[in-house]
Amino acid sequence: MSTRPRAGSPRERWERLALGVRCAYNPEQPAVIRRFLDAGRRLEDSGALDALAVQRRTWDLLIRTALDEALPWPWRLACLDHTPLPRARLTTLLKRSDPAALAAMEAQWQAAVAAVEAARQARSWLDDEEA
């Protein structure tokens, strides 16, 4: 009899990946973000979770992570770089059913891009002063 633990459910795996992305457990490995996106898509495709729920969770996680100043800069940029896919899916899902949520998502997007750009400029300014 094997004492090896059984692998968790696909949803548990997605949740663990989400935690790793949000906390930047492995910031040198941005491919983890893609694995998180792929795991969510598999949950959608299998019918285990609703597409809207998966995409909202994905969007929220990526935006919050990109805006988290406590996380490493490259990780924040990688998260922002991965937002187009859930943004496109959410646009499709919300266009008819919830235009107000779509407008709020677009406002979040603009705020995140502006905040990351401001942080990038501040970082560039600091790097120039050190040189």
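Visitor: Why is cysteine 23 called partly exposed?
Guide: Cysteine 23 has a relative accessible area of 35%. Buried means under 20%, exposed means over 50%, and partly exposed lies in between (1.4 Å probe, protein chains only). The value of 35% falls in between, so cysteine 23 is partly exposed.

Visitor: What kind of model is this?
Guide: This is a predicted model, where local features need pLDDT of at least 70, side-chain atom pairs count only at pLDDT 80 or more, and totals for chains, interfaces and linings use all residues. Residues are numbered from 1 along each chain as its sequence is written, and side-chain values use heavy atoms, leaving out hydrogens and water.

Visitor: Why is cysteine 79 called buried?
Guide: Its relative accessible area is 0%. That is under 20%, so cysteine 79 is buried.

Visitor: How many disulfides does the structure hold?
Guide: The search of the whole structure finds zero. A pair would need cysteine sulfur atoms within 2.5 Å.

Visitor: What makes helix α4 mostly covered?
Guide: Seven of its nine residues are buried. Among them are Trp73, Trp75 and Cys79. Helices are DSSP runs of H or I with at least four residues, and strands are runs of E with at least two, numbered from the N terminus. The protein chain has six helices and zero strands.

Visitor: Why does valine 32 count as buried?
Guide: Valine 32 has 11% relative accessibility. That is under 20%, so valine 32 is buried. It lies in helix α2 (residues 31-46).

Visitor: Which residues does valine 32 touch, not counting those up to four places away in sequence?
Guide: Valine 32 touches Leu17, Val21 and Trp75. A contact means heavy atoms within 4.5 Å.

Visitor: What makes arginine 11 and glutamate 15 a salt bridge?
Guide: Their closest N and O atoms are 3.8 Å apart. A salt bridge needs a side-chain nitrogen of Lys or Arg within 4 Å of a carboxyl oxygen of Asp or Glu. The distance of 3.8 Å is within 4 Å, so the pair qualifies.

Visitor: Why are arginine 11 and glutamate 15 separated by about one helical turn?
Guide: They are four residues apart in helix α1 (residues 10-23). An α-helix has 3.6 residues a turn, so residues three or four places apart point the same way.

Visitor: How do you know that arginine 22 and aspartate 68 meet in a salt bridge?
Guide: The N to O distance is 3.0 Å. That is within 4 Å, so the pair qualifies. The pair links distant parts of the chain, 46 residues apart.
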